[in-house]
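Colleague: Please take me through this structure, one topic at a time.

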Amino acid sequence: FAGQGKVGAWLPVQLQLTGLTPNTAFHLTINAPDARGDVCESAVAGVQSDAAGAAAVQCVFSTGRLDGRIQLQLQDDNGQTVWNHNIDCRVGSLTRATDTPPAICSQLLLHRHQPVPVLAVGPVAGLQEMATERTNTSGRQPVLLLNADRADQLPSLTRGLDSLEVLVLAADFSMSDQQLAAIRSWVLSGGHLVVSCGANAPQLLQSPLGKWLQPIFEIPSENSTYETLDLTAVQNFLPGATALQTNRNPATCLRIPSRQPRIVAQALSEPVISRAVAGAGVITVAAVDINARPMDKWLALPQFLDILLFGRDEGAAERAQRGSRISSVGISDLATQLAAATDAVPPEQRWSTWDAMLLIVALLAIIGPLDWFLVVRTLKSPRLTWATFPLIIGSACLLVAAAAAPSATPNVSRTISLLDAAMDHRGQSLRVRTWASLSTTDSQYAAVSLPATSPLQTLLPPDAENVTTWSGRAEDIYGGMYRSGGAGLGQMISRRSDAHPSRFSALPLLAGGSSSLQTDIRTTAPTAPVLDSQLTLPSSDLLEGQFQHHLPFAIRDWAVFCGNRA
């Protein structure tokens with residue numbers, strides 16, 4: 001993504017390697033800081049060079065600090081490093097002009113979680129102006145605009161889309177089945193996919209993306225486009241917009257006749273903007289090509305894209321009324337509550353500074369009278385204070401150590417799991433996310449894995465993708481991803497491998513402390529159907545119908561997400 005990303009999220013890496021030993025196996029390792037400031041060593045990919053000594057690598061990694069250094073190492077089977085490259089992380093600026101990235105990225109611009117990440121594939125007219133307007137307007141959530149040249153450069157892993165909230169495709173739809181599977185999983189988990197087609201309908205319908213969208217919007221295979229001189233519906237989609245003139249040059253539009261998705265803009269004969277829900281995500285299809293005339297010359301195109309991507313802004317009265325009913329909860333608040341709920345350090349082991357100061361004051365209050373009573377009144381030999389004074393201090397230390405002794409359980413772990421079941425016309429998918437905290441009485445390097453709980457293991461096939469990584473908070477406190485890196489003294493190294501992504505082969509555990517982890521399990525082929533849904537979303541925007549689950553346990557806490565709303 002042109003050397004930009006979001007801190008704490010999975011970031012995609014693409015490498016084109018040349019000059020290697022022909023027909024030789026290598027492995028790529030990425031060292032990046034985690035949220036605590038330690039170094040996480042990840043073996044991200046195995047590499048096999050061809051007869052010409054070239055190889056291509058696609059992988060993902062994550063970094064837990066806005067600053068710091070990322071190191072890429074390519075090693076052979078003997079452990080000898082054949083290539084080494086460092087990338088410095090810097091805090092990105094939304095107002096900074098995007099320069100052309102070098103052939104080998106040497107700097108990574110990381111952003112906080114407040115801006116909305118939007119990835120544009122290829123040129124998208126008006127999108128840069130829209131992002132600039134939102135960033136420079138107070139009271140509106142800024143946009144982090146990312147770019148990819150072609151659709152075939154999109155990540156083939158769902159984790160590669162982790163840092164995105166909106167994906168815009170308007171010029172190129174050529175992608176592989178693996179890339180479509182990643183996009184579908186991302187949409188079902190809450191992503192917003194925006195497609196603008198127009199005259200590119202044949203290219204869209206021949207791609208895996210078009211074959212996925214065709215039954216949702218009922219796009220015909222034959223006669224899939226039509227020409228029109230009337231774009232009044234597009235103009236009326238933006239109240240008060242300047243005139244959208246075709247100048248007697250007909251515009252090519254995609255046929256999206258389905259009435260099941262929500263029609264956002266309706267022309268006389270055909271919908272021009274249609275929106276469908278897929279799981280917790282949204283798919284928006286614009287029948288017109290925003291890169292073609294007259295759309296690309298429309299003065300109101302940035303405002304049109306703003307509403308198309310983010311919806312209409314609330315007025316002052318609506319914001320005041322909504323604020324009186326429910327207060328907004330930021331990601332920092334949720335992350336703090338989740339971290340406190342899963343913290344594995346037992347409460348009896350939490351000795352604060354005030355506790356230590358109180359013990360010192362109590363010792364000073366009793367040591368004088370007690371020592372005087374022993375050596376003057378009882379033993380009647382003041383010289384013995386050289387022996388009694390150290391004995392009293394030593395006895396007090398032993399009592400404090402006994403009172404602060406750890407519990408009988410050597411290892412303490414706490415977990416919270418969230419089961420996300422989604423479905424579309426291609427079937428059901430499951431996602432299990434677990435946040436965990438681990439505490440031990442002895443400092444050690446341990447092998448740690450987070451398997452799914454026993455009730456969920458019956459729903460997940462053995463080949464389900466299971467990825468375990470560290471967990472951090474979007475704050476500037478200890479363990480927060482916004483905290484400065486500092487001098488880096490006393491850094492420890494944790495080790496994990498994408499060959500066995502469900503576990504850490506070596507995780508540093510400090511006595512009396514806690515280490516936070518998270519795991520993400522995904523599958524599109526559950527062992528048995530989980531949902532039977534007849535829910536529909538009519539024009540009233542209120543769900544109707546019923547659904548039934550087939551889980552092997554009762555549900556106490558649940559929520560229904562539809563179109564980015566709960």
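Colleague: Which residues point one way from β9, and which the other way?

Modeller: Val116, Val118 and Ala120 point one way from β9, while Pro117, Leu119 and Val121 point the other way, and all are buried. Buried means under 20% relative accessible area, exposed means over 50%, and partly exposed lies in between, with a 1.4 Å probe and protein chains only. Strands (E, at least two residues) and helices (H or I, at least four) are DSSP runs, numbered from the N terminus.

Colleague: What should I know about the model itself?

Modeller: This is a predicted model, in which local features need pLDDT of at least 70 and side-chain atom pairs count only at pLDDT 80 or more, whereas totals for chains, interfaces and linings use all residues. Residues are numbered from 1 along each chain as its sequence is written, and side-chain values use heavy atoms, with hydrogens and water left out.

Colleague: Back to β9, then. How many of its residues are buried?

Modeller: Six of the six residues of β9 (residues 116–121) are buried, so this strand is largely enclosed by the rest of the structure.

Colleague: In what sense do β9 and β10 pair?

Modeller: β9 and β10 (residues 143–148) pair in the parallel sense, over six bridges. Two strands count as paired if DSSP finds at least two bridges between them. Val121 has Ala148 in β10 as its bridge partner. Between these strands the chain passes through α1, and this β-α-β crossover is right-handed: with the strands pointing away from the viewer, the path from the first strand over the helix to the second runs clockwise.

Colleague: And what about β9 and β11?

Modeller: β9 also pairs in the parallel sense with β11 (residues 166–169), over four bridges. Val118 stands opposite Val166 there.

Colleague: Staying with α1: at what angle do the axes of α1 and α6 cross?

Modeller: The axes of α1 (residues 127–136) and α6 cross at roughly 75 degrees and come within 8 Å. Axes are lines fitted to C-alpha atoms, for helices over the stretch in contact, and angles run from 0 to 180 degrees between N-to-C directions. The two helices are therefore roughly perpendicular to each other; that term covers 65 to 115 degrees, with under 35 counted as roughly parallel, over 145 as roughly antiparallel and the rest as oblique.

Colleague: Which residues in α1 and α6 meet?

Modeller: From α1, Leu127, Glu129, Met130, Glu133 and Arg134 meet Pro302, Gln303, Leu305, Asp306, Leu309 and Phe310 of α6. Contact means heavy atoms within 4.5 Å. By class, six residues of this contact are nonpolar, one is polar and four are charged. Ala, Val, Leu, Ile, Met, Phe, Trp, Tyr, Cys and Pro count as nonpolar, Asp, Glu, Lys and Arg as charged, and the others, Gly among them, as polar.

Colleague: New topic, the open sheet. In what order do its nine strands run?

Modeller: The order is β1-β8-β7-β6-β3-β4-β22-β23-β20, with mixed pairing. β1 (4–6) and β20 (444–449) are the edge strands, each pairing on one side only. On average, neighbouring strands of this sheet are turned by 25 degrees against each other, direction ignored.

Colleague: How many bridges join β6 to β7?

Modeller: Eight bridges join β6 (residues 68–76) to β7 (residues 81–91), and these strands run antiparallel. Arg69 has Asp88 as its bridge partner in β7. Their hairpin has four residues between the strands, and Gly79 takes a positive phi near 85 degrees in it. On to β8 (residues 107–111): four bridges join β7 to this strand, and the two run parallel.

Colleague: And β20 with β23?

Modeller: β20 and β23 (residues 500–509) run antiparallel and are joined by five bridges. The bridge partner of Gln444 is Leu509.

Colleague: What is the phi of Lys380?

Modeller: Phi of Lys380 is near 55 degrees, a positive value in a residue other than glycine. Most residues other than glycine have a negative phi, and most peptide bonds are trans. Lys380 sits in the loop between α9 (353–378) and α10 (385–403) and is exposed, with a relative accessible area of 67%.

Colleague: Which residues does a cis peptide bond join?

Modeller: A cis peptide bond joins Arg293 and Pro294, with omega about 5 degrees. Pro294 lies in the loop between β17 (281–286) and α6 (301–310).
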